[in-house]
Amino acid sequence: MAASLTPALPMPSDNESLEEIESQALSDLGAVADGDALERWRVAYLGRRGRLTRVLRGLADLPLEERKRVGDKANRLKQELEGAVREKRARLAMSATEALIAERIDVTLPGPPLPSGRLHPTTQTLRDVLDCFVSMGFQVVEGPEIEWDRYNFEALRIPRDHPARDMWDTLWIDYEKDGERPMLLRTHTSPNQIRIMEQTQPPIRVVVPGKCYRYEATDPTHEWMMTQVEGLAVDEGISMADLKGTLAEFARRIFGPDRKVAFRCDYFPFVEPGMELRIDCFLCGGDGCRTCSRTGWIEILGAGMVHPEILEAVGYDSERYTGFAFGLGIERIAMLRHGIEDIRLFYANDLRFLSQF
Ligand code: DAH
C-alpha cells in the first residue's frame with residue numbers, strides 16, 4: 001500500500017514552484033547510484049503521489065490562463081524528468097557492465113573444485129574382502145552389535161567363568177535380569193554363526209561383516225572398536241580342504257597371486273580343529289622384517305571346522321553335516337595392504353591420514 005511506503009525524499013508543498021522541483025530533482029538524480037535509489041527517486045517525483053504529479057493534479061484548481069501556462073511548463077518538466085530517468089537507468093546498467101570488465105571477471109574460467117568425500121579405508125578394504133567371498137558363492141548377512149551373552153559366548157562353547165572368556169575383554173550393557181547382565185557389545189562377529197544356523201538349514205555359505213567392541217587399552221595394534229568379517233560354510237561333505245582352498249584363494253586375491261599360505265594350530269572354543277592362517281610376508285618375501293616380526297610370516301585370521309557340539313546344539317545332525325568358519329579383522333588387513341603402522345589412525349578422524357586412500 002502506498003501509504004505504508006516511507007518516502008525517501010520530502011513530499012512537496014502544493015505551491016512549490018516548478019523551478020524548485022526541477023533543480024532539486026536533477027540534483028537528487030545526480031546522487032542516485034544504483035537501481036533501487038533510482039526507483040525511490042522516480043516514486044518521489046513522478047510516482048502517483050510524487051512531487052510533480054501533485055502539481056499536475058493541482059492544475060484543475062487554477063484559473064484557465066494560468067492552468068495553460070503552468071500546465072505547459074509542468075508537462076515539459078515531466079517529459080524532461082522521464083527522459084532523465086531513462087538515461088540514468090541506461091547509464092547505471094552500463095556502469096555495471098563496465099565494473100565487470102574492470103574487475104576482469106572471466107566467466108569462462110572453471111570454478112574451484114568442490115571438496116568431495118571418499119570411502120574410509122576400512123570401508124574400501126571391507127568391500128574388497130566381501131567382493132572376494134561373494135564371487136566364491138558366499139552371501140552377505142548382518143547381525144546386531146548389541147548381543148546376548150548366549151550368542152556371543154554360551155552357544156559358542158565359552159561358558160561363564162571359563163578362562164576362554166579372557167580372550168575377549170567385554171563391554172557389558174548396564175542392564176540386569178535375574179541378577180545377571182545378559183547383554184554386551186559383541187566382541188566378535190562369531191555369534192552370527194549361531195544366529196544363522198538357528199534360522200536356516202544347510203547348505204550355508206555366508207559372510208557377516210560388522211563392528212565389534214572390546215574393553216581394551218588402545219595401542220598401535222589394539223582398538224576398542226574394530227571391524228570383523230565372519231565366514232561360515234555348512235553342508236554335507238565340507239572338509240578342511242574346502243577351508244584351506246577358500247582361504248588360500250582369499251589371501252591371494254587380497255595380497256597378490258604369489259602369496260604362500262600356511263595354517264597353524266590355534267585354539268578357539270567353537271572350532272575343532274582351530275587354526276590360524278598366515279601368509280608369507282609380502283614385504284620381505286619371507287626373509288624377516290619389521291612387519292612380520294622377523295618371522296617371514298604374517299597372521300591374517302582365525303579359522304577352523306565348526307565344533308560338532310555346536311552343530312548338534314542348533315539341531316543339525318553332525319554325522320551328516322560339517323562346516324568351517326573363519327573370522328578376520330578388516331583394519332588389520334587394511335594396515336597390511338597400505339603399510340599403516342597404527343590402528344588408532346583409522347578412527348582418529350584426521351583428514352591428513354584419511355585423504356590418502
Ligand atoms: N571370533 C574370533 C575372534 O574374534 C575369530 C575367529 C576364530 C572366528 C576362529 C572364527 C574362527 O570363525 O573359526 O578372535
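## An exposed loop residue

Is aspartate 61 buried or exposed? Aspartate 61 has 70% relative accessibility, so it counts as exposed; the cut-off for exposed is over 50%. The model is predicted.

Aspartate 61 sits in a loop. Glycine 323 is 262 residues away from aspartate 61 in sequence. In space, their C-alpha atoms are 110 Å apart.

## The sheet

Seven strands make up an open sheet with mixed pairing. Their order is β1-β4-β5-β9-β8-β7-β6.

Strands β7 (residues 271-280) and β8 (residues 297-306) run antiparallel, joined by eight bridges. Isoleucine 279 faces isoleucine 298 of β8.

## Helices on the sheet

Helix α7 (residues 191-199) packs on the sheet. It touches β4 (204-213), β5 (225-236), β8 and β9 (321-329). The directions of α7 and β4 make an angle of about 140 degrees.

Helix α10 (residues 330-338) lies across β5, β8 and β9. Helix α10 runs at about 60 degrees to β9.

## A buried glutamate

Glutamate 230 belongs to strand β5. It is buried, yet it has no salt bridge. Arginine 214 is the nearest side chain of opposite charge, 8.5 Å away.

What does the side chain of glutamate 230 make a polar contact with? The partner is the side chain of glutamine 193, at 2.6 Å. Beyond its neighbours within four places in sequence, glutamate 230 is in contact with residues including Thr189, Ser190, Val207, Phe326 and Gly327.

Note on methods: Residues numbered from 1 in each chain as written. Predicted model: local features only at pLDDT ≥ 70, side-chain atom pairs only at ≥ 80, totals over all residues. Heavy atoms only, no water. Pairing = 2+ DSSP bridges. Helix = DSSP H or I, 4+ residues; strand = E, 2+ residues; numbered from the N terminus. Contact = heavy atoms within 4.5 Å. Axes fitted to C-alpha atoms, helices over the stretch in contact; angles between N-to-C directions. Buried < 20%, exposed > 50% of the residue type's maximum accessible area, 1.4 Å probe, protein only. Lys, Arg positive; Asp, Glu negative; His and termini not counted. Salt bridge = Lys/Arg side-chain N within 4 Å of Asp/Glu carboxyl O. Polar contact = N/O pair within 3.5 Å; in protein donor to acceptor, adjacent residues only side chain to side chain.
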